[in-house]
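Have the viewer open as you read.

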Amino acid sequence: MLRWLAVGTAFAAIGGEEVLRRSLTGSAGPTAGSTTTSLADTGGDGGPEHGGPEHGPGAPPTSADGAEGDAPAPGQGGRRWSDPAGWGGRLPGPQSAVRITDRVLLDTDAAVGSLLVEPGGSLTFAADRGVTLSSAGNVEVRGTLALAPGGSAVHTLRFPSVDEKRFRGDGMNVVDTDVGLWVTGAGYLRLDGAAKTAWVRAAGELRAGATTVSLAAPPAGWQPGDELAVTPTGPPDEEGFSARYDLAVVRSVSGSTVTLEAPLRYAHPRVAVGGGVTVGAEVLNLTRSVRVEGSAKGRAHVHLTSSRRADVRHAALRWVGPRTDTSESWKGPDGTVPVTAPVLGRYGLHFHMLGDATRGTVVEGVVVRDAGNHAYVPHASHGITFRSCISHDTWEDAYWWDGPLDTRTPQQPSDDIVYESCVASRTVLEPNPRAYRLTGFNLGAGTGGKALDCVAVGVQGANGASGFEWPENSEGVWTFQRCLAHNNLQDGIFVWLNARQHHVVTEFAAYHNGGWGIEHGAYLNDFDYTASVLYGNAGGGVALHALGREKGTVFDGLLIDGAGQSDFAVSTAHHELAGEAVTFSRSRFTGYRRAGLAFRATPDGKPDDVLVLDCEFGGNELWLDPEAGPPKNVLLRRAGRAEVLQVRRAEDGGTAQPQWNASSTPLASFAAQSRPVQLPTLRFKDAAAPTGRVGGGS
C-alpha cells in the first residue's frame with residue numbers, strides 16, 4: 001500500500017514572501033533546517049495526493065532515514081537530490097510519486113512518476129549546472145519550485161509522456177489526467193532564466209539566401225544555438241504573404257550582426273509605411289535558459305491558482321495547451337484528420353481567477369510556442385504586467401481570457417492588465433475557415449488595461465480575424481498606443497463592440513494585411529482613432545460598419561495609403577442601427593485604385609452619416625454605390641477649402657459629379673472651422689523593452 005513518510009522538521013518560512021525570494025537568490029540570512037522526505041513507487045499514475053491509485057507495481061515503498069547529503073551552495077536549498085541517504089537509501093525513479101516536505105536541491109537529471117512539493121517544502125534546481133526533471137504525471141507546487149540557472153546553464157522541467165486524449169479540463173482543482181505544472185494554495189513558482197532581448201527588428205532588407213542579419217540594435221544575451229523566427233513583411237499580393245516565416249539558428253553574434261547556421265529561405269523587405277515609420281522584420285528569439293515543456297506528441301500546461309505572486313521571467317514554454325478530437329473531420333495537408341477543440345482551462349500560462357492576489361505580478365521575456373491553446377491567460381486575475389513576451393505558432397487567441405457565456409452575458413473582467421512590447425506571432429486555428437474572429441490580442445473587459453508597443457503578425461483565420469480585437473460583449477477601456485499589425489491574413493484591428501465607454505486608439509500602424517487596416521463595428525460605439533498609418537492593406541484602410549453612439553467615432557490625422565493594393569482607402573458597410581455621425585478629419589488618402597471613400601451601404605441598412613473634413617486625396621475622392629439608398633448625411637470639405645458639399649445620389653439633384661457616381665450641393669453654413677491636415681509622425685521602438693531577472697541581474 002502506498003505510504004507517504006516525512007521525518008524531521010520541514011523548511012520554515014523566514015518572514016514573508018520577499019525574504020523567501022531573497023533566500024532563493026542567496027541573499028537572505030540563514031534558514032531553518034532541512035529534512036528528508038519519503039517516496040512510493042506506483043504504476044506512474046501518481047498517488048492519493050494526485051488522485052491516483054493507492055496500489056501499484058514496482059518495489060515496495062521507501063522511507064527516508066533522516067540522513068542528509070553534502071551541504072549545497074548557500075541559498076540553494078537543503079539536501080541534494082543525488083544523495084541516496086536523503087531518500088532512505090534509494091533515489092526516486094520514473095515510477096516514483098515523490099512528495100517533498102523539506103528543502104531539496106536538484107543537482108542531477110531526474111525522472112519521476114509525479115511530484116508534490118508540500119507547504120514548507122522546496123525544490124530548487126542547482127544554479128551552477130544544467131539539469132532536467134522529467135515527470136510522467138503532474139507536478140504540483142504548494143511550497144516552492146525554483147528554476148534559476150546561472151551562466152550558460154539550462155534548467156528544464158519536462159512532461160515527456162502526456163496523453164492529451166485523457167484530459168478532462170476543470171477549474172480550480174488539480175486533475176490527475178491533465179498533466180502539467182500546477183501552483184496551488186500558497187505555492188511559489190520562480191522561473192527565472194538568463195535575461196535577453198526578446199526581439200529586435202532587422203535594420204534593412206533581408207534577402208533570400210542571406211546568412212547574416214543586421215539588427216536595428218545590439219541584442220543582449222543572444223548566444224550561438226539560439227533559435228530565431230523572422231517574421232514575414234511582404235505585400236499581400238505575394239503568395240503566402242502571412243506565413244513566410246524563416247526559422248533560423250544563431251551561429252554567432254557580433255554587435256548588431258547575427259550570423260546564421262543556414263541561409264534564409266524568404267526575402268523580408270524593410271517597409272516604408274509613411275508617417276516617419278520604416279520598419280524591418282521582427283527577429284524573435286525563441287530560446288530561454290529555463291524551459292517548461294511537454295512534447296510534440298503530448299502538450300502539457302501551466303496552471304496557477306496560488307495566493308502568492310509568481311515570478312515568471314525568461315522562460316520558454318513549449319508544447320503546451322492540449323487539444324481534444326471532436327467527431328468532425330477535415331482534409332488537411334497530411335490527409336483527413338479530426339477537427340480538434342481546445343481543452344477548457346489548460347493553457348500555456350494560466351492565472352486562474354485569482355482576483356487581486358496577482359497584483360504586482362510581472363511576466364517578462366517569456367516565450368510560449370508550439371501551443372495548441374491560448375498562450376497567456378490572466379483570467380479574472382488583476383494587475384499583471386506582461387513585458388516583452390512572445391507567443392509564436394500557437395492555436396486560438398494568443399493573449400486572452402475567458403469570454404462571456406453568450407451574447408447576453410458580459411465577460412468577467414480582468415483589471416489593470418498590461419501588455420508592453422509583446423508579440424503575437426503566427427496565431428492559427430485549423431481548419432482555417434473555422435477561425436472566425438481569431439486574434440493575436442483579445443482586448444477584453446476590465447479597467448486600466450494597456451497595450452503599448454505590441455506587435456501582431458502572421459495571425460491566420462477567417463472573417464473578422466485580426467491582430468488586435470475589441471470583442472463583442474467584452475468591453476474594456478484600454479490605453480492603446482504605438483502598436484503594429486502586419487502580414488495578418490485578415491485585419492489589423494477588428495472592433496465588434498456596442499460600446500458604452502469612449503475608446504482611444506492612437507499611434508497605430510497596420511501594413512500588408514490581407515483584409516483591412518481597421519475593421520470597425522458593430523452597430524453603435526464611440527472611438528477616436530488618431531495619428532495612425534494604414535499602408536498597403538488588401539481590403540483597404542478602414543471598413544466602417546458602426547455609427548456613433550453619443551459623441552460619434554472620429555478618425556483624425558490618419559495617413560491611409562493603399563500602395564496600389566486596394567480599390568478604396570475607406571469603405572462603409574451595412575449599418576444595422578441609425579446613430580451619430582462618423583468623422584474623417586485632417587487625413588490623407590492616397591495609393592488607392594478607385595476612390596478615397598466608398599459608400600457601400602446596402603439598401604436595407606440604415607443610411608450613411610459620415611463627415612469628411614479637411615482631408616487630402618491622391619485621386620478621385622468619393623464613390624457612391626448605385627444600389628445604396630440615399631445617405632442621411634455625407635459632407636465633404638476638401639483640405640484648405642471653406643466650401644462644404646452635401647453629397648447626394650446622382651438622381652437626387654444638384655451638381656453632377658460623374659467620378660463620384662453622385663451629385664453635390666453646397667451648404668449655406670457649417671459650424672466647424674477648417675483646419676490644416678495633420679499627418680502622423682510615429683516613433684516605434686525597434687527592439688523589445690529591456691527585461692531583468694528577479695534579483696535585478698542579467
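Arg426 is partly exposed, with a relative accessible area of 27% (partly exposed falls between buried, under 20%, and exposed, over 50%, using a 1.4 Å probe and protein chains only). Arg426 sits in strand S35, and its phi is near 50°, a positive value in a residue that isn't glycine. Ser421 also has a positive phi, near 60°, but this residue is buried, at 2% relative accessible area. You'll find Ser421 in the loop between strand S34 (418-420) and S35. Strands here are DSSP E runs of at least two residues, numbered from the N terminus.

A word on the source: this is a predicted model, where local features need pLDDT of at least 70 and side-chain atom pairs count only at pLDDT 80 or more, while totals for chains, interfaces and linings use all residues. Residues are numbered from 1 along each chain as its sequence is written, and side-chain values use heavy atoms, leaving out hydrogens and water.

Back to the backbone. Most residues other than glycine have a negative phi, and most peptide bonds are trans. Two cis bonds to look at: Glu430 to Pro431, with omega near 0°, and Gly521 to Ala522, with omega about 15°. Pro431 is in the loop between strand S35 (423-428) and strand S36 (439-442), and Ala522 is in the loop between strand S45 (516-521) and strand S46 (526-530).

Now for the inside. The largest nonpolar core has 109 residues, and Trp81, Leu123, Tyr419, Phe468, Trp470 and Phe508 touch the most other members. Strand S55 (residues 609-617) gives the most to this core, with four residues. A nonpolar core here is a set of buried Ala, Val, Leu, Ile, Met, Phe, Trp, Tyr and Cys residues joined through side-chain atoms within 4.5 Å. Leu123 has contacts (heavy atoms within 4.5 Å) that include Trp81, Ile100, Val104 and Leu133, leaving aside residues up to four places away in sequence. A second, separate core of 16 residues includes Leu228 and Ala248.

There are 25 aromatic pairs; Phe, Tyr and Trp rings (the six-membered one for Trp) pair if their centres lie within 6.5 Å, with planes under 30 degrees apart counted as stacked, over 60 as edge-to-face and the rest as tilted. Tyr399 and Tyr419 have ring centres 5.2 Å apart and planes at 70°, so they are edge-to-face. Tyr399 lies in the loop between strand S33 (390-395) and S34, and Tyr419 in strand S34, so the pair ties together parts that are 20 residues apart in sequence. Phe494 and Trp496 are stacked instead, 5.7 Å centre to centre with 5° between the planes, and both are buried.

Finally, charges. The structure holds 41 salt bridges, each being a side-chain nitrogen of Lys or Arg within 4 Å of a carboxyl oxygen of Asp or Glu. Here are some of them:

| Salt bridge | N to O distance |
|---|---|
| Arg142 and Glu118 | 3.3 Å |
| Glu282 and Arg201 | 2.9 Å |
| Arg359 and Asp416 | 2.8 Å |

Glu282 lies in strand S21 (residues 282-285) and Arg201 in strand S14 (residues 199-201), so that pair ties together parts that are 81 residues apart in sequence. Both Glu282 and Arg201 are buried. Arg359 counts as partly exposed, at 34% relative accessibility, and Asp416 is partly exposed too, at 29%. Salt bridges with shared partners join Arg99, Glu118, Glu140 and Arg142 into one network.
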